[in-house]
Amino acid sequence: MKKGTLLNAPLSAAIASMGHTDGLLICDAGYPIPPEAARIDLALTAGVPSFLQVLDAASKELFVERILLAEEIETVNPALHEAILSRLHALEVAQGNRITIEYTPHETFKQEGKRAKATVRSGECTPYANIILYAGVTF
């Protein structure tokens with residue numbers, strides 16, 4: 001049995017297959033995932049698992065170099081925005097690196113999301129609960 005914290009086999013495999021600058025999109029339950037995307041659907045019911053639970057689990061396995069958020073999150077969902085920033089700060093400390101934070105309009109975010117290595121759907125039902133984590137290297 002796998003010893004690490006992440007037990008979901010498709011998510012673990014997606015992260016293991018990522019190289020430098022590859023993106024992992026974590027999205028809310030309503031995000032329009034294209035049919036051709038590598039989809040990892042974790043949503044069970046509204047809010048389960050939450051966006052933050054998925055972000056926490058994925059960021060324990062993936063060395064994050066930068067992230068992309070929709071700029072709308074700052075005004076439409078400021079509580080989630082602050083929670084993300086807090087987690088990213090803790091992740092920077094744990095990883096020993098600076099994580100670049102970028103913002104783009106939601107429509108542009110969706111276009112960038114199409115290039116993600118995998119898309120992970122959470123059960124989150126709050127607006128703009130979407131992030132792309134870009135892989136860094138540990139050396």
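Strand β1 pairs with β5 in the parallel sense, over 4 bridges. The model is a predicted one. An open sheet of 6 strands is present, and β1 takes its place in the order β2-β5-β1-β6-β3-β4.

**The sheet**

- Pairing within the sheet of 6 strands is mixed.
- The edge strands are β2 and β4 (100-104), each of which pairs on one side only.
- From one strand to the next, the twist averages 20 degrees.
- Helix α2 packs on the sheet, where it touches β1, β5 and β6. The direction of α2 makes about 155 degrees with that of β1.
- Helix α4 also packs on the sheet, touching β3 (64-70), β4 and β6. Between the directions of α4 and β3 the angle is about 175 degrees.
- Strands of a sheet are held in pairs by backbone hydrogen bonds, in either a parallel or an antiparallel sense.

- Strand β1 is largely enclosed by the rest of the structure, because 5 of its 5 residues are buried.

**Helix α1**

- Helix α1 spans residues 9-16, and its buried residues are L11, S12, A14 and I15.
- Those buried residues line one face of the helix, because they fall within an arc of 160 degrees when seen down the axis of α1.
- Residues three or four places apart in an α-helix point the same way, because there are 3.6 residues a turn.
- On the face of α1 turned away from the buried side are the exposed residues A9 and A16.
- The elements against which the buried residues of α1 pack are β1 (23-27), β2 (39-41), α2 (51-61) and β5 (118-121).
- The N-terminal end of α1 is capped by N8, which has a side-chain oxygen 2.9 Å from the backbone nitrogen of L11.

**Cysteines**

- The count of disulfides is 0.
- C27 takes part in no disulfide, and the nearest cysteine sulfur, that of C125, is 11 Å away.
- A disulfide is a covalent bond that links the sulfur atoms of two cysteines. The sulfur of C125 is too far from the closest cysteine sulfur, in C27, for a bond, because the distance is 11 Å.
- C27 is buried, with a relative accessible area of 0%, whereas C125 counts as exposed at 55% relative accessibility.

**The loop residue N77**

- N77 lies in the loop between α3 (73-76) and α4 (78-95).
- N77 counts as buried because its relative accessibility is 10%, and the cut-off for buried is under 20%.
- The side chains of N77 and T126 make a polar contact at 3.2 Å.
- With neighbours within four places in sequence left aside, N77 is in contact with E72, T126 and P127.

Conventions: Residues numbered from 1 in each chain as written. Predicted model: local features only at pLDDT ≥ 70, side-chain atom pairs only at ≥ 80, totals over all residues. Heavy atoms only, no water. Buried < 20%, exposed > 50% of the residue type's maximum accessible area, 1.4 Å probe, protein only. Helix = DSSP H or I, 4+ residues; strand = E, 2+ residues; numbered from the N terminus. Arc of directions from axis to C-beta. Contact = heavy atoms within 4.5 Å. Polar contact = N/O pair within 3.5 Å; in protein donor to acceptor, adjacent residues only side chain to side chain. Disulfide = S-S within 2.5 Å. Pairing = 2+ DSSP bridges. Axes fitted to C-alpha atoms, helices over the stretch in contact; angles between N-to-C directions.
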